[in-house]
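Subject: A structure for you to look at

Hi,

Here is the structure I promised to pass on.

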Amino acid sequence: MLAITGAQWLTAARAAEPQVPVLWDAKERLPKPDLSALPRLRFLTTTDFPPFNFLDGAGRLSGFHVDLARAICAELGIADKCQIQALPWAELEGALQKGEGEAIIAGIAATPESRSKYAFSRSYLQFPARFIMPKTKAFTEPIFDRLRGKRVGVVAGSAHERMLRDYFGTVQVVPFDRPEELYDDLKAGKIDAAFGDGMRFAFWLGGSDAAACCRFAGGPYLAPEYLGSGMAIATRANDPALAAAFDYALQEISVKGTFAEFYLRYFPVSFF
């Protein structure tokens, strides 16, 4: 892992198999919580955020967050006390504060403002910035010097544009108002590369609109000062012990390979 002027660099090697993010230190020993006195654990989520939460063809609540919540309950030994309820996004905070649930697993960002309302687990998934390029021209690492003078598209006014200008000052930045315009110009060869959210790029690369034109170039960049700290589970602010219990479960899920299984199931084009 290399540091480049404050941006965190994750390994650049691109293996044939999809890369799975590892955000937990297997050597760290977190205390195993005793939740025997907990009457129930109700996770609150939404239904309209695929692949994290959605209704499958049979109308059942499914997705990455649903599988992760069930795995957490199993790891904590409270599967029989575990419930998952879907609500509109705007109702999640109120339901948690009224005691209609014990935790929200729906991608609430841990920010200084949100930390005044919630206690958070550690991040279980982060969203790196990535470059994508046409397959026939895609660079491998080291990518910094190879991008010098290249036309790189990015969504105008985004955190990714700020990050690109700050850390890759030798490229020609080409701002776009809409992602669709950026993708069209990349396919047409009007720009050399695009820079942006790795997860959104992964969905595009795996979809029909990309027409198998392009691929990731170089490695993923994690820069919390631009991109935030990723997804975490939120509990009421006065319940940090439950958030710590989630940390224990999430680490066990990572170490045992369960997280990797979920990640590859829902993100077949890895954004790491």
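This is a predicted model: local features need pLDDT of at least 70, side-chain atom pairs count only at pLDDT 80 or more; totals for chains, interfaces and linings use all residues.

Residues are numbered from 1 along each chain as its sequence is written, and side-chain values use heavy atoms, with hydrogens and water left out.

**The whole chain**

You'll find 8 helices and 14 strands in the chain (DSSP runs numbered from the N terminus: H or I with at least four residues for helices, E with at least two for strands). The radius of gyration is 20 Å, close to the 19 Å from the globule rule for 272 residues, so the chain is as compact as a globular protein of that length. That radius is taken over C-alpha atoms, and the rule is 2.2 Å times the number of residues to the power 0.38. The C-alpha trace spans about 60 × 40 × 35 Å along its principal axes.

Of the 272 residues, 49% are buried (buried is under 20% relative accessible area, exposed is over 50%, and partly exposed is in between, using a 1.4 Å probe and protein chains only). If you take the contacts with a separation of 6 or more, 73% of them come from residues 24 or more positions apart; a contact means heavy atoms within 4.5 Å.

**The disulfides**

What is a disulfide, anyway? It is a covalent bond between the sulfur atoms of two cysteines. Here the working rule is a pair of cysteine sulfur atoms within 2.5 Å, and the count comes to 2.

One of them joins Cys73 to Cys82, with 2.1 Å from S to S. The torsion about this S-S bond is about 60°, so the disulfide is right-handed. Cys73 is buried at a relative accessible area of 1%, and Cys82 also counts as buried, at 19%.

The other joins Cys213 to Cys214, with 2.4 Å from S to S. Is that link left-handed or right-handed? With -100° about the S-S bond, it is left-handed. Cys213 counts as partly exposed at 21% relative accessibility, whereas Cys214 is buried at 6%.

Counting bonded cysteines along the chain, the pattern is 1-2, 3-4.

Cheers
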